[in-house]
Number of protein chains: 2
Amino acid sequence: MTLETELLQMGRSARLAAAELRSASAEQRSAGIRAMARALWADRGGILAANAEDMKAATVHHDRLRLDEERLEAIAVALEQIAGLPDSVGVEMERWQRPNGLDIARVRTPIGVIGMIYESRPNVTADAAAICLRSGNSVILRSGSEALRSSLAIHGALERGLAEAGLPEAAVQIVRTPDREAVGQLLRGLDGAIDLIIPRGGRALVERVQQDARVPVLGHLEGVCHTYVHSAADPQMAAEIVRNAKLRRVSVCGSTETLLIDRDAAARLLPEIAAALDGCELRGDELARSVVPMEPATEADWHTEYLAPVLAVRTVDGVDEAVQHIATYGTGHTEAIITEDPAAAAHFLDQVDSAIVMWNASTQFADGGEFGFGAEIGIATGKLHARGPVGPEQLTTFKYVVRGEGQVRP
Amino acid sequence: MTLETELLQMGRSARLAAAELRSASAEQRSAGIRAMARALWADRGGILAANAEDMKAATVHHDRLRLDEERLEAIAVALEQIAGLPDSVGVEMERWQRPNGLDIARVRTPIGVIGMIYESRPNVTADAAAICLRSGNSVILRSGSEALRSSLAIHGALERGLAEAGLPEAAVQIVRTPDREAVGQLLRGLDGAIDLIIPRGGRALVERVQQDARVPVLGHLEGVCHTYVHSAADPQMAAEIVRNAKLRRVSVCGSTETLLIDRDAAARLLPEIAAALDGCELRGDELARSVVPMEPATEADWHTEYLAPVLAVRTVDGVDEAVQHIATYGTGHTEAIITEDPAAAAHFLDQVDSAIVMWNASTQFADGGEFGFGAEIGIATGKLHARGPVGPEQLTTFKYVVRGEGQVRP
């Protein structure tokens, strides 16, 4: 069987499984996720052995590739949590009557078949499967080749869990070959079988997806996030928030990459902030460097998602210039203002056109769990369908159900 | 200036205008739409003269291309109605508190810049401009070349209305050349300026858009809509609804193209339905033809959006076979069941995965106005972002506004 034939077959199976999942009850979907969690834990020996092979073969040693019993337990616990989340399939979002008596309801439905393309985090295999199942979607997983042995072993466990719960095994399928052409096939939609592609990975993957996708994409672009320290900021709060926003975890998409600070407050506020950023390299514009010694920033710095202990520092002349900088260099992810002035905050929150805008809080709160969504499959930086953290509810769509008594249209 | 340079310049102007529209008040946007309506009516002489030239040059005479004073007045009245619709920009959709005190609100925002590509209906020029303005979006219009003189004349009036209301003229721009390469440029997004493409036109346009678009598309595919007459249907209601669903207007996307009817009820119900479909050509399967004389249907008929007084008729063995037929041949637009049996209706409404599913009502109700949306720019048959009638609210997105008191993430 050629790769294309095999993938088209997976697409057809996924569509049939999606129809079954749509008809299943919320309890059945929950039971399926719990069974997947149990099977994952029961298979831990095989999964860890597969992961050891992945680690041995890896050319670069990313910590994110590594599994151990503790991490596997955390994945199983995450699945149990997803099993406990509310199931929104079938929920009426709105319902109204028209003057002619027609009764119209907007009802949540699953999207259908989701193609999930990710890199070397084996945990995504389980998380994505559970979030898709929670929202009634079937999923075709495409793991990065570095993590393929681990992902296949995890997938084997998930399949056994589905079977045990009486759900179709094709609800969660995985591409078994590392051949990169499989990605191209998924991006072309498998002859209409795939409703939505979710890529999770670095810039090269995102660019390929944008170029080749012929089906809708829920994109997770870079997070060039900004924290703007306004002249009316509380100095201690500013220092604590900036430290957390940058350094709590530098590798997450919600970490702050550029600090904006009011020009007329830089001399007063920047030294304390810089002191709080112990171990972080600063790169600043001229005025910032005249206050705190640091490397000069270049144009490229304003565009860069460092994902490292590096922070660009730019001085601005008030809220409007901060908004303007964000509009020019931001990626529409998450931006925060630190100020005690409610009018300045309101203006910033209104004017910044990003998925998440914050007032007096750390940009590292950009996370589905922190938002109360229970789980997330990524943070969408596009503007369509879902924006910000993507949890189970964001993987649903809706249909209109119209109930009449014989009405015809005049 | 080359076409590409000109279009990129339009894209940049549209982005700036979008930022201004986002900041404008709902009242300013309403005033802008009212001023556009007034200017349209004031310019009626010039617009009708331009339309007369379009009509003279047209190779095929579509009624939809023709304007007269009555139709122009109807367009102006439609704009007045849109001016009176609620403005949802800035509306809080949800708001909740997290245990750590963070206050999270989900707030409606405009999408940004919309690219509207349409064919020879000059009224779309005004309707699309008003719906986009209502929802705070700027728009770049691309009229079909057959209607270009009319569309340019209408656009001139809209621009004057915007200026009179103190809104940026670049909020509503139109591509002035009939060069088809302009469509390609729009579909590639004008260097990131366009957030969403909305195509309205025939199959060739939709296919080109699907092939070439590099930005999200809110697609309006064909409406191969079904009305399913269940064995427990009221015979008179079935005949009236099927007649209306097919014949009220055959050229709209919500008109029924295939009648499904229970095999065991065909002899009882089909003659009355056929009698009600006076002037409509029927094409049926073998059993249907044994009850009522008609032409034989071929496989192609089940796929066809006739947009003409032609109806395909297929007999099925109960709800599940009807659902299966719709899943195979439908386009996900609108499907209805006619029955007095609530259980059969519930099963159909649940199982059919279309944007609109109806019980005992005519599929011709598939319309934003009939749904109470006040206006529509089309009916989306995709599953993402918006589905079904697309009114002003469906042209918005949202952002999360997070208010804290210095919270940092543990």
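Where in chain B is B:Ala213 found? This is a predicted model, and in it B:Ala213 sits in the loop between α8 (203–212) and β7 (225–229) of chain B. B:Ala213 counts as buried, because 22 other C-beta atoms lie within 10 Å and the cut-off for that label is 20 or more. If we leave aside its neighbours within four places in sequence, B:Ala213 is in contact with B:Leu187 and B:Ile197, and the C-alpha atoms of B:Ala213 and B:Ile197, which are 16 residues apart along the chain, are separated by 8.2 Å.

Let me turn now to chain A as a whole. Chain A has 15 helices and 16 strands, and its C-alpha atoms fill a box of roughly 70 × 65 × 35 Å, taken along the principal axes. For 410 residues, a compact globule would have a radius of gyration near 22 Å, and the 24 Å of chain A agrees with that. Of those 410 residues, 54% count as buried, and among the contacts in chain A with a separation of 6 or more, 73% come from residues 24 or more positions apart.

Next, how do the two chains meet? On the side of chain B, 52 residues are in contact with 52 residues of chain A. The elements giving two or more residues to that side of chain B are β2 (103–110), α9 (235–247), β13 (356–361), α15 (368–371) and β16 (396–407) of chain B, and β16(B) gives the most, with eleven residues. By type, the residues on this side of chain B divide into 23 nonpolar, 16 polar and 13 charged.

The strands also cross from one chain to the other. Strand β16 of chain A, residues 396–407, runs parallel to β13(B) and is joined to β13(B) by five bridges; in one of these pairings, A:Val402 has B:Met358 as its bridge partner. Both strands belong to an open sheet of ten strands with mixed pairing, in the order β1(A)-β2(A)-β16(A)-β13(B)-β12(B)-β7(B)-β8(B)-β11(B)-β9(B)-β10(B). At the edges stand β1 (92–97) of chain A and β10 (295–296) of chain B, each with a single partner strand, so one side of each is left without a neighbour in the sheet.

Finally, within chain B, strands β9 (281–284) and β11 (310–316) pair in the parallel sense over four bridges, with B:Ala312 as the bridge partner of B:Arg283. Helix α10 (266–276) of chain B lies across β7, β8 (256–262), β9 and β11 of chain B, running at about 150° to β8(B). Helix α13 (319–329) of chain B packs on the sheet as well, touching β7, β8, β11 and β12 (334–338) of chain B, and its direction makes about 135° with that of β11(B).

Conventions:
Residues are numbered from 1 along each chain as its sequence is written. Chains are lettered from A and ligands numbered from 1 in the order in which they are written. This is a predicted model: local features need pLDDT of at least 70, side-chain atom pairs count only at pLDDT 80 or more; totals for chains, interfaces and linings use all residues. Two residues are in contact if their C-beta atoms, placed from the backbone, lie within 7 Å. Ala, Val, Leu, Ile, Met, Phe, Trp, Tyr, Cys and Pro count as nonpolar, Asp, Glu, Lys and Arg as charged, and the others, Gly among them, as polar. Two strands pair if DSSP finds at least two bridges between them. A residue is buried if 20 or more other C-beta atoms lie within 10 Å of its own, exposed if 12 or fewer, and partly exposed in between; C-beta atoms are placed from the backbone. The radius of gyration is taken over C-alpha atoms; the globule rule is 2.2 Å times the number of residues to the power 0.38. Axes are lines fitted to C-alpha atoms, for helices over the stretch in contact, and angles run from 0 to 180 degrees between N-to-C directions.
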